[in-house]
Amino acid sequence: MNATRKEDAVRQALRVYFIMGSSNVPAGIPPELILAEAIRGGATLFQYREKGTGGLRGKARTELAWKLRLLCRERGIPFIVNDDVDLALELDADGVHVGQEDEAASAVRTRIGSKLLGVSAYHEAEAEAAIRAGADYLGVGPIFATRTKEDAKSASGVQAIRRMRELGIRLPIVGIGGITAENAAGVVRAGADGVSVISAISSAEYPREAARRLATAVESALANR
Ligand code: TZP
Ligand code: MG
């Protein structure tokens, strides 16, 4: 895929970017069921993010990752692994997402070749460094307060995205942190290509409906930008 086409495909895929690990789902509900519903509702990309003390490890983790990976392949959306290049390569994932405390983005780029590379950036200096390292997109946030990530920095507001765009950063951006169908439009108006959510879908009573509402909010904000 040439560079412009890849960038367009990335922008499309970032619209409703769903993230989940086993600890993000209500007790007794299989994660693959939530992912299937999210995709039916309009999730455009999935990131497997297994975190925390209660998170799965070893064989259980690999098995869940395979299930989710295969579901994404079957339904035709990209599957990205958070912070584990070995797992991403084993699963032939479509990409890897790393934060600032993870393996250096430039090293990840070397290891994954042309697979998608996403990098979390809190401010423009981190964004510039991620671009130099070869990121395909930036995850910017937390935009709003979140209870999902224990060590989250303070909420930046949509201003963090607006400022990156004003400074000329053109790489695809997805906002993250405390995003819901109610506040998603503002994130897109500030310059994001889409929104990334955990709890707005994984903890929703009806994940399909939750994804649909996010998709509608993002699409109408993009159409009116
Ligand atoms: N990075 C910044 S905020 C966050 C991550 C992984 C958590 C987002 O979860 P939620 O439930 O969508 O606020
Ligand atoms: Mg990380």
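Visitor: What is the relative accessible area of Arg111?

Guide: This is a predicted model, in which local features need pLDDT of at least 70, side-chain atom pairs count only at pLDDT 80 or more, and totals for chains, interfaces and linings use all residues; side-chain values use heavy atoms, with hydrogens and water left out. Residues are numbered from 1 along each chain as its sequence is written, while chains are lettered from A and ligands numbered from 1 in the order in which they are written. Buried means under 20% relative accessible area and exposed over 50%, with partly exposed in between (1.4 Å probe, protein chains only). Arg111 is partly exposed, with a relative accessible area of 36%.

Visitor: Which residue forms a salt bridge with Arg111?

Guide: A salt bridge is a side-chain nitrogen of Lys or Arg within 4 Å of a carboxyl oxygen of Asp or Glu. For Arg111, the closest N and O atoms of its bridge are 2.6 Å apart. The pair ties together parts that are 25 residues apart in sequence, because Arg111 lies in helix α5 (residues 105-112) and its partner in helix α4; helices (H or I, at least four residues) and strands (E, at least two) are DSSP runs, numbered from the N terminus. The partner, which counts as exposed at 52% relative accessibility, is Asp86.

Visitor: How many residues apart are Glu182 and Arg213, and where does Arg213 lie?

Guide: Glu182 and Arg213 meet in a salt bridge whose closest N and O atoms are 2.4 Å apart. Glu182 lies in the loop between β7 (173-176) and α8 (184-189), and is exposed, with a relative accessible area of 59%. Arg213 counts as partly exposed at 41%.

Visitor: Which side chain of opposite charge is nearest to Arg49?

Guide: Arg49 lies in the loop between β2 (45-48) and α3 (58-75). Lys and Arg count as positive and Asp and Glu as negative, while His and the chain ends are not counted. Arg49 is buried yet has no salt bridge. At 5.6 Å, the nearest side chain of opposite charge is Asp151.

Visitor: What is the geometry of the Tyr17 and Tyr137 pair?

Guide: A search of the whole structure finds 3 aromatic pairs, a pair being rings of Phe, Tyr and Trp (its six-membered ring) with centres within 6.5 Å; planes under 30 degrees apart count as stacked, over 60 as edge-to-face and the rest as tilted. The centres of Tyr17 and Tyr137 are 5.8 Å apart and their planes are at 65°, so the pair is edge-to-face. Tyr17 lies in strand β1 (residues 16-20) and Tyr137 in strand β6 (residues 137-140), so the pair ties together parts that are 120 residues apart in sequence. Both Tyr17 and Tyr137 are buried, and the geometry is edge-to-face.

Visitor: Which residue joins Phe18 and Phe46 in one aromatic cluster?

Guide: The rings of Phe18 and Phe46 have their centres 5.7 Å apart and their planes at 50°, so this pair is tilted. Phe18 lies in strand β1 and Phe46 in strand β2, so the pair ties together parts that are 28 residues apart in sequence. Phe18 and Phe46 are both buried. The cluster also includes Phe79.

Visitor: What is the phi of Asp83?

Guide: Asp83 is found in the loop between β3 (79-82) and α4 (85-90), and is partly exposed, with a relative accessible area of 29%. Its phi is a positive value in a residue other than glycine, near 55°.
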